[in-house]
Amino acid sequence: MIPISVCIIGKNEEQHIENCLAPLTPFPFEIVYVDTGSTDRTKELAAKHGASIYDFAWVDDFSAARNFALEKASHEYVLFIDCDEYLSSLDTDALHRAVQACPAGVGLLLRNNYFEANGTPTNYPDRVERLFSKKQFHYKGIIHEQVVTRGGDSPLYERYEIPLTVEHAGYNGGMDAMRQKAERNNRLLFRELEKNPTDPYLYFQVGQSYNGIRDYENAYIYYKKSFALPLHYAELWVQIMATAYINAMNHTGRSEEAQTFFEPLYPYFAGDANFYCSMGNIYLNLNPPQPLKAMAEYVKALQCPDAREEGANSFIPYYNIGLVNEMLGSRDSALTFYQKAADLGFAPAVERLSVLGGS
């Protein structure tokens with residue numbers, strides 16, 4: 001068995017820290033908790049669950065804190081988890097086999113992000129880079145830090161999925177908390193952009209901050225700046241940005257621009273359910289709309305292996321296929337797909353069923 005150190009950094013996380021640590025304690029992990037200045041009971045609660053506690057003076061640099069945690073980890077292989085992420089499933093035997101099969105790669109855990117969309121509690125699943133050899137990798141970037149190779153600082157390396165899932169509660173704090181977080185993040189990001197004005201990742205993260213508080217106009221501006229720079233389309237963050245950029249364009253009345261921009265890039269992003277849904281939304285928002293092309297994209301989304309019963313990758317395409325059928329005058333088919341979305345708890349689908357006389 002390959003020994004693994006779980007590394008966590010935090011500050012004033014007494015609301016989350018026990019939910020984070022308790023599910024980890026049954027497993028043979030070393031737990032390293034780095035505190036960046038808590039004034040509440042976070043350190044006390046972390047120690048209660050067997051974590052080794054280290055203090056790090058905050059210097060407005062998340063990578064510095066994470067790399068400090070790497071130094072304190074006793075084992076070569078480290079797994080980073082955030083305080084507001086709670087382990088929900090783990091196959092330790094399969095985890096070790098995955099590391100042994102790809103010792104020079106970076107493992108991607110599955111993260112279920114919970115938030116509210118259209119009045120419906122929902123979940124957006126994504127894969128994030130968290131398990132690697134500290135001899136081969138470290139972190140770079142003062143905020144929204146990236147895993148990069150030591151020496152060359154390259155973000156291009158082999159990635160593999162690991163059989164580990166966490167539930168992310170960080171988006172459930174309400175819009176005021178999201179705005180405060182966006183302001184803090186952008187303060188650091190704008191400072192970095194002054195030093196590195198040609199770094200597309202920084203523009204992407206500024207766009208993400210605005211997107212999180214539904215300021216789609218500013219999100220569009222910064223995603224556009226990022227796409228104007230040289231990109232590796234295979235990188236995970238670029239794949240995420242493609243969907244976010246489309247959504248920002250749809251929200252700001254730029255669907256025609258989105259169609260012109262992304263149709264030539266389609267092969268680079270195909271295969272992701274969220275991208276297919278976003279492309280479908282482009283076609284629905286055109287003037288005039290192209291409902292059949294939209295439906296084809298939603299069907300592709302449902303056929304993706306990352307479609308999940310509890311996530312927007314399933315009820316969003318179901319709902320939108322219902323909407324397309326309603327636009328085309330196929331009431332019975334519309335009811336069928338609205339019902340599928342309603343069965344998954346999507347409130348707008350329940351409303352459409354009521355209007356159309358469904359169950």
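A disulfide is taken here as a pair of cysteine sulfur atoms within 2.5 Å. The model is a predicted one, in which local features need pLDDT of at least 70 and side-chain atom pairs count only at pLDDT 80 or more, while totals for chains, interfaces and linings use all residues. Residues are numbered from 1 along each chain as its sequence is written, and side-chain values use heavy atoms, with hydrogens and water left out.

Let's start with the cysteines. Searching the whole structure turns up zero disulfides. For C102, the closest cysteine sulfur is in C7, 19 Å away, and that is too far for a bond. C102 is also buried (under 20% relative accessible area, with exposed meaning over 50% and partly exposed in between, using a 1.4 Å probe and protein chains only), at 6% relative accessibility. C304 is in no disulfide either, with the nearest cysteine sulfur, that of C277, 8.4 Å away. At 9% relative accessibility, C304 counts as buried.

Now to the interior. A nonpolar core means a set of buried Ala, Val, Leu, Ile, Met, Phe, Trp, Tyr and Cys residues joined through side-chain atoms within 4.5 Å. The largest one has 69 residues, and F132 and F262 have the most contacts inside it. Its main contributor is helix α8 (residues 236-251), which gives nine residues; helices here are DSSP runs (H or I, at least four residues), numbered from the N terminus. A second, separate core has 32 residues, including C102, which we met above, and Y160.

P348, A349, L353 and L356 are its buried residues. Because they fall within an arc of 145 degrees seen down the axis of α15, they line one face of the helix; the arc is that of the directions from the helix axis to the C-beta atoms. On the other side, E351, S354 and V355 are exposed. After α15 comes G357, with a positive phi near 85 degrees.

Finally, consider a helix pair. The axes of α11 (residues 273-285) and α12 (residues 291-302) come within 8 Å and cross at roughly 170 degrees, which makes α11 roughly antiparallel to α12. Axes are lines fitted to C-alpha atoms, for helices over the stretch in contact, and angles run from 0 to 180 degrees between N-to-C directions; roughly antiparallel means over 145 degrees. Among the residues that meet here are Y276, C277 and Y283 in α11, and P291, E297 and Y298 in α12.

Terms used. Helices (H or I, at least four residues) and strands (E, at least two) are DSSP runs, numbered from the N terminus. Angles under 35 degrees count as roughly parallel, over 145 as roughly antiparallel, 65 to 115 as roughly perpendicular and the rest as oblique. Contact means heavy atoms within 4.5 Å.
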